[in-house]
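The stops below go one at a time.

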Amino acid sequence: MTLSRKPLKGMRELTPGEKRIEDYVIKRLREAGVAYGFEEYETPVLEPLELFLAKSGSELAVKQSYNFTDKGGRKLIMRPELTPSLARMVAASGELIYPVKWMSFPVCYRYERPQRGRVREFVQFNLDILGVSGLEAELEVFLVLRRIMSSLGASRGQYVIRYSSRKLASGILESCGITEEEMAQAYAVIDKKDKIKPDEWEELVRKTIKDERNADTIIKFASCSDPDVPWLSEAAGGSEAFDEIVRFSGMLKDAGILEAQFDASVVRGLDYYTGIVFEVMDTGGKNRRAICGGGRYDNLVGMFGGQKVTGVGFGLGLLTLDLFLETYDLMPEGISGKHPADIFLAVYSDGERAFAVNFAEKLRDVGISVEIDITGKNLSKQLKIADRKSIGYIVVIGPEEVVSGRITLRNMTSGIETECEVSEVSGILIDRNLCGEAN
RNA sequence: GCGACCGUAGCUUAAGGGUAAAGCACCGGACUGUGGCUCCGGGUAUUGGGAGUUCAAAUCUCCCCGGUUGCCCCA
């Protein structure tokens with residue numbers, strides 16, 4: 001019986017080339033967070049099931065998660081998302097300086113069928129602001145999102161930040177008499193709007209919401225693409241939620257965030273959102289899933305007892321982001337093939353090995369990444385290996401070099417050779433690396 | 001959980017009832033003082049698994065497994 005060569009269904013397995021791509025994206029995300037003063041934190045992968053039962057919704061916590069009973073009889077879950085853990089951590093921390101601005105790169109798990117943009121083990125980027133109840137928090141989060149997208153090379157028009165308000169939606173639905181139990185159904189059907197054809201969607205709404213007038217209200221509401229449309233101001237004018245969304249829309253315009261668009265059909269799936277909700281979508285037809293989803297959750301931290309702490313944040317899927325970057329050809333050229341070693345030392349024969357190893361150690365001492373031959377193959381083969389690993393420089397260490405102390409440094413890209421003393425190599429490499437592009 | 005499509009060498013594919021084949025990759029050599037090029041040699045396969053039809057199955061049928069993708073749900 002031979003062992004399977006595949007990892008478990010949907011589990012994450014990255015080759016060094018794939019890992020380099022992920023590292024590049026993570027670096028950009030982290031830089032964007034740091035630019036606004038966000039700090040990094042971590043929480044456990046394994047959590048008590050109850051943490052997610054109450055807060056994420058049972059669909060996610062039970063049906064779509066890896067959960068099990070451990071040897072001590074405790075019901076556990078592999079986290080399907082991060083926010084409840086963050087809320088607990090904040091609730092438990094005594095001496096935080098608000099506003100808390102934190103970010104993390106959690107590996108999360110969902111028990112679902114893998115498909116485009118969806119796997120069972122995935123990394124996302126979470127960024128949250130806690131302790132700010134004003135819309136300035138939402139605005140800053142939107143600014144971070146725009147910076148992320150532009151730093152990765154996305155241009156306006158390739159993506160859109162769609163936003164709406166849970167408070168506004170629930171207010172409209174309640175005021176027209178939609179019952180508590182219809183509410184979840186109503187959200188679900190509103191969320192469908194952009195996923196199917198307009199006439200099919202209307203049909204679905206009428207089929208789901210029996211009362212004709214309520215169905216009309218839902219159709220009219222979900223079709224609002226500006227908070228200022230007459231129908232909406234008539235239906236919700238004067239309410240706190242309406243004032244808020246109008247004000248936020250104005251703040252976004254003032255800040256020049258033109259990629260943000262109000263869209264009342266944005267709902268987001270998580271149960272704990274209380275205010276503005278938003279998502280980043282590819283505007284093209286190829287990637288139909290949100291790259292990022294988030295919103296305001298003002299009651300989450302308070303559920304742990306103690307004081308109420310407001311929050312706004314998002315989760316951004318690295319996989320959906322990758323698909324976006326691939327779609328628009330935004331991955332930097334050659335990034336997956338870039339080998340870490342700066343220089344390759346070819347060893348002519350075993351007689352020079354001790355000399356070469358010592359030389360390599362000296363280079364490493366000053367921060368140069370060195371790969372030295374350890375195969376003992378002939379020179380031609382050694383150089384072929386260095387070439388195929390795309391290592392930038394090579395040096396051959398043979399009897400002549402050992403005797404003279406002079407070596408020939410070859411740039412493998414240009415083919416240019418530089419003859420110099422062994423002691424000069426590190427200086428030359430460091431100078432050139434500083435001049436080269438730093439990624 | 002439901003549906004559609006697809007499974008042949010490490011990868012991409014060919015053979016559509018009659019000897020499993022090619023390119024790339026890989027390994028060895030020409031070649032122990034210089035990589036990308038060239039030449040020579042090597043096939044690495046239970047054709048995803050099992051059953052059935054047939055003198056004969058990679059090929060036809062059925063079941064299972066796996067992959068991709070859509071739905072549910074969502075990063």
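**Stop 1: Ser390 and the loops**

Select Ser390. Ser390 is partly exposed, at 47% relative accessible area (buried is under 20%, exposed over 50%, partly exposed in between, with a 1.4 Å probe and protein chains only). Ser390 sits in the loop between α14 and β15 (393-397). Helices (DSSP H or I, at least four residues) and strands (E, at least two) are numbered from the N terminus. Check the backbone: Ser390 is not a glycine, yet has a positive phi of about 55°.

This is a predicted model, in which local features need pLDDT of at least 70 and side-chain atom pairs pLDDT 80 or more, while totals for chains, interfaces and linings use all residues. Residues are numbered from 1 along each chain as written, chains are lettered from A and ligands numbered from 1 in written order, and side-chain values use heavy atoms, without hydrogens or water.

Go to Asp329, in the loop between α12 (318-327) and β13 (343-347). Asp329, not a glycine, has a positive phi of about 55°. Asp329 counts as exposed because its relative accessibility is 66%.

Next, select Tyr98 and Pro99. The peptide bond joining them is cis, with omega about 0°. Pro99 lies in the loop between α4 (83-92) and β5 (100-104). Most residues other than glycine have a negative phi, and most peptide bonds are trans.

**Stop 2: the RNA surface**

Show RNA strand B. 46 residues surround RNA strand B, where near means a heavy atom within 4 Å. The closest are Arg110, Arg113, Arg118, Arg268 and Arg388. Sugar and phosphate make up 58% of the atoms of RNA strand B that come within 4 Å of the protein.

Colour the surface near RNA strand B by residue class. Its residues are 14 nonpolar, 12 polar and 20 charged (nonpolar: Ala, Val, Leu, Ile, Met, Phe, Trp, Tyr, Cys and Pro; charged: Asp, Glu, Lys and Arg; polar: the others, Gly among them). Which element gives the most to this surface? Helix α14 does, with six residues.

Now zoom in on N and O atoms.

- Arg410: a polar side-chain atom lies 2.7 Å from a base nitrogen of RNA strand B.
- Gln115: a polar side-chain atom is 3.1 Å from a base nitrogen of RNA strand B.
- Gln124: a side-chain N or O atom is 3.1 Å from a sugar or linking oxygen of RNA strand B.

**Stop 3: the cores**

Select Phe125, Ile148, Tyr163, Phe278, Phe314 and Leu316. These have the most contacts inside the largest nonpolar core, which has 75 residues. A nonpolar core joins buried Ala, Val, Leu, Ile, Met, Phe, Trp, Tyr and Cys residues through side-chain atoms within 4.5 Å. Helix α5 (residues 136-151) gives the largest share of this core, eight residues. A second, separate core has 20 residues, including Leu363 and Ile397.

**Stop 4: the rings**

Select Phe142 and Tyr163. This aromatic pair is edge-to-face, 6.0 Å centre to centre with 75° between the planes (Phe, Tyr and six-membered Trp rings pair with centres within 6.5 Å; planes under 30 degrees apart are stacked, over 60 edge-to-face, the rest tilted). Phe142 lies in helix α5 and Tyr163 in strand β8 (residues 159-165), so the pair ties together parts 21 residues apart in sequence.

Finish with Phe278 and Phe314. Their planes are at 75° and their centres 6.5 Å apart, so this pair is edge-to-face. Both Phe278 and Phe314 are buried.

How values were computed. Polar contact = N/O pair within 3.5 Å; in protein donor to acceptor, adjacent residues only side chain to side chain.
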